[in-house]
Amino acid sequence: MEAMLHITTLHYLVLGAALFLLGVIGVLTRRNVVIVLMSIELILNAVNLNLVAFSRYWQGMPGHLGGPGALHGQVFAIFVITDAAAEAAVGLGILIAFFRNKETVNVDEVNLLKW
Amino acid sequence: MNPPVATPFFFYLLATTMIVGGILVITRKNAVHSALALITTLLAQAALYLMLYAPFVAGVQIILYAGGIMVLFLFVIMLISIERAAKERQFNKQWLVGIAAAAALGGLFIAIYTTTTKGKTLFPEGQVSYGESQNTQAIAALLFDRVHGTYMFAFEIASLLLLVAIIGAVVMAKKRI
Amino acid sequence: MLFLDHIWLIPLLPAVGAALMFFFGRRLQKSTVSAVCVGSVVLAFLMACGGVLQYTNWGAANGHRPYEKILYTWLGTDTGHLNYQKSDGTPASFRADAGFLLDPLSSIWLLFVTGVGMLIHIYSTGYMAHEGGYYRFFGYLNLFMFSMLTLILANNYVLMFVGWEGVGLCSYLLIGFYFHRKSASDAANKAFIVNRIGDAGFILGMFFVAWLCGSLRFIDVTGFARDHAATLMGNPIVTAATLLLFVGACGKSAQLPLYVWLPDAMEGPTPVSALIHAATMVTAGVYMVARSNALFVLSRESMLVVAIVGALTAIFAASIGLVQNDIKRVLAYSTVSQLGYMFLALGVGAFSAGVFHVFTHAFFKALLFLGAGSVIHAMSGEQDMRNMGALSEKIPVTFRTMLVATLAIAGIPILAGFFSKDEILWQAWKFSPYLWAIGFATALMTAFYMFRLMYLTFWSPSRVTSHEVEHHIHESPKSMTVPLVVLAFFSITAGWLGWPASLGGSNHFEKFLEPVFANAAEKEAPPANESGLGLTEYLLMGLSVAAAGVGWLMASRAYSNAGKGYTEPIAAAAPPVYDTLLNKYYVDEGYDYVFTGRRKLGDVRLGVMGLGEASSWFDSHVIDGAVNAAGWITRSTATFSSWWDKWIIDGIGVNGPAILARMLSYPARLFEWGLVQWYALVMTAGLVGFVFYYVYH
């Protein structure tokens, strides 16, 4: 109970792991490619959550990464968000081209990579 | 030291919102519903960023993710026809194996967290040594300050990456180049 | 010069008549048809008389040159597209004119063809009065006149050949006039096909002449032959050309071995037999040889062949004529025999004698045929002499005119046949006594079969089978008897033109023809021992008259009392000989065995056709079999090669490694589904494994 009420970095890590697993399940099991892309966003957000949580943690630590200036995690989170935006743009472009050619959004109906 | 009551409350509220939203994202038939659930999750996460004293990241999360990326998703969903996909089978043939693999991964997480945290409090909450109002300036200094800008080059590369992504998205989405 | 300048009108007039009959004949009255057709021939005859008269004057003034009238170039041009090399290597150009030539030779033919033709046209108006196809008949007759006059008046071999083919066509059409009778159409086919053999010879001969002389104009050819007589003597090309031309003459003039069509040609109406198959067309061969005399005298071999073929034909046909029972067939064989005489004369170099016989023969043989037609007319179509007899009282005009013709052909003095036949026999004696002997025997036979015909038809007791026919016997109408009388007149007098010098005459005929046969005179027998020869001539003359008398006597003894079921003297004396003669030496049967392919031995056809069938069998089975075998072997090899390529080369050599690689790669392929989520799953599993190893190792 004590551990439950006192919110530590571990709580955030567990939450991030849960989101990550949800994203993995979505990526591995859904057929709709739009939802697969959304699941990837979930995974990225789980990572972001971890990064920001560790940034908060390191701010209380001494050393060259820690201390008051330990904002590297947040900067990384921003880079990840940037990548997520780029990934979403390219992924949705691929999705449109894919839909135009195959008249479907089901990812398991495309197996051109075979052999 | 008594722990503040509000912090665990909001943490669990927001965590529950995120977990429920994540489950909804991966289970809804209609992609629009999934997108709305995802927005909910992202907004809750932005609130969590605030709780972690990262207001700039929270702002970026709301503006870029919930505002930009999700609008992009909704546009695409409207561009393509999702009625047929909504009526079809939602999960692929390997769904059981996929869930098993995810469960194995989850088991591994649990095992790691439990074994490494046995008897001690790992990763205690760090102390915030500066005011929230300085957060944005500090990040900006890291990104493009001439003296402390550790990530200046990476920042420029990221902008180039975005440019390439825009051009690539346009090229792929266009009917004829 | 009116007639000479318009000489081309002579053949054209009957052509116009024929064209009118062709286009409008069906709608015309019989009287109109008669007027047009007979009128055109009468006009042609008058123009011919005028033309010949003018020519004699013109010729006398121009050194007896031939008169040539060229209308236009008909085949070939002046631009030299038809150039070729002559046999001596000099260049020549092929040309044929639409041109006309009048000289003594063609004058004689012109006169008797138009004259006899005119009389027969008149006769036909009576004879054919009750027949169907009246306009058709006269159209054909006019077409024949046109063709025959073209043949006669042509100034070159090619145009002559046009007429030659034209008369052949008309002969075919008129023999087959009663085309609903199978025997008539068969006879027409036979005549046409046999004539084709001769025509082929004519064409080839023409090529040789063109190759040799570089021209086909008679004047050029004759001039060339006479100018180069010394060098051309014995030239094989001349021999080939003349022999081939003689093959053509054999076909048209019914000589051995191509005579077989003429007796069958009697299936046609009797005026046709008289005009075409006795008087005019069959003498075309004689005309052609006489026209080519300058070439013929250059080849002793050809002359000898002509003489021998003529003599053999003469006696051969006469012997068949001895026993024939059909009145027209007797006359047909008589015609063949007399044509043989003519060729005998040509062969021994006595061209003018041969032509003289053509001239006299035209009258008395036309008369005989027309008389026979009159008899048949009287007998309601009966042609078998065994069913005739005692007609002399009932058809007196026919009887008397036919008697004149018989005396003429038998060679009784003062009549036409005596002079011409005697001339031939005399010339034959000078050439070779053997040929004379054959001719003499033929003369005896001629007298016998002609008087046999007279006895069986007119004098012997009546053997008419039915009373209706007996009652119906009547003299023919004026249109038929008048031509008979006219012809009888000429049968008596025509010979006087050639009254020989030995009998105090001057032989105008030979003198008239002298310019044509100028070269032939040198070739005649050497003038040695004239007095002795003169005596021989009188002796021979007496012998032939005696032969005629003996023939008459023999016929008289055998047939003057021939009642119903009489026996032929030859049949009584030597039955096998009689059978052979009655069956015409089985020549037609022999031809059936050798040429026509009608005879079979089992399933095998005999003769040339059989040889052809055998060749065809050989070709289709052995040659084609070999070809097919070669093809089969090639195909089999190709099939095996293809199999080898497909299964061994491609299979083991090319596909084998590929199949091996595919088999070996199969396990690896199992993990490549192409599904992106599968890859993600594998990646996740790898992540699990990696983390697990990292944490717990």
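Student: Is C:Ser147 buried or exposed?
Tutor: The model is a predicted one, and the residue lies in helix α5 of chain C, residues 134-153. A residue counts as buried if 20 or more other C-beta atoms lie within 10 Å of its own. C:Ser147 has 26 such atoms within 10 Å, and it is therefore buried.

Student: How are α16(C) and α19(C) oriented to each other?
Tutor: Two packed helices are described by the angle between their axes and the distance between the axes. The axes of α16 (residues 327-347) and α19 (residues 416-431) of chain C come within 9 Å and cross at roughly 45°. That angle makes α16(C) oblique to α19(C).

Student: What is the handedness of that crossing, and how do the residues of the contact divide by class?
Tutor: The crossing of α16(C) and α19(C) is left-handed. From α16(C) come C:Tyr341, C:Leu344 and C:Ala345, which meet C:Lys421, C:Ile424, C:Gln427 and C:Ala428 of α19(C). By class, the residues of this contact are five nonpolar, one polar and one charged.

Student: Which helix supplies the largest share of the side of chain B that touches chain A?
Tutor: The contact takes 78 residues from chain B and 65 residues from chain A. On the chain B side, α1, α2, α3, α5, α6 and α7 each supply at least two residues. The largest share, 13 residues, comes from α3(B).

Student: How many charged residues are on that side of chain B?
Tutor: The side of chain B that touches chain A has 59 nonpolar and 16 polar residues. Its charged residues number three.

Student: How many charged residues does chain C bring to its contact with chain B?
Tutor: This contact takes ten residues from chain C and nine residues from chain B. On the chain C side, eight are nonpolar and two are polar, and the number of charged residues is none.

Student: What span should α2(B) have at 1.5 Å a residue, and how far apart are its end C-alpha atoms?
Tutor: After α2(B) comes B:Tyr53, with a positive phi near 60°. The helix itself has 21 residues, so at 1.5 Å a residue it should span 30 Å. The end C-alpha atoms of α2(B) agree with this, being apart by 30 Å.

Technical notes: Residues numbered from 1 in each chain as written. Chains lettered and ligands numbered in written order. Predicted model: local features only at pLDDT ≥ 70, side-chain atom pairs only at ≥ 80, totals over all residues. Contact = placed C-beta atoms within 7 Å. Nonpolar A, V, L, I, M, F, W, Y, C, P; charged D, E, K, R; others polar. Helix = DSSP H or I, 4+ residues; strand = E, 2+ residues; numbered from the N terminus. Buried ≥ 20, exposed ≤ 12 C-beta atoms within 10 Å, placed from the backbone. Axes fitted to C-alpha atoms, helices over the stretch in contact; angles between N-to-C directions. Parallel < 35°, antiparallel > 145°, perpendicular 65-115°, else oblique. Left-handed = near helix turned anticlockwise from the far one by under 90°. Expected span 1.5 Å × (residues − 1).
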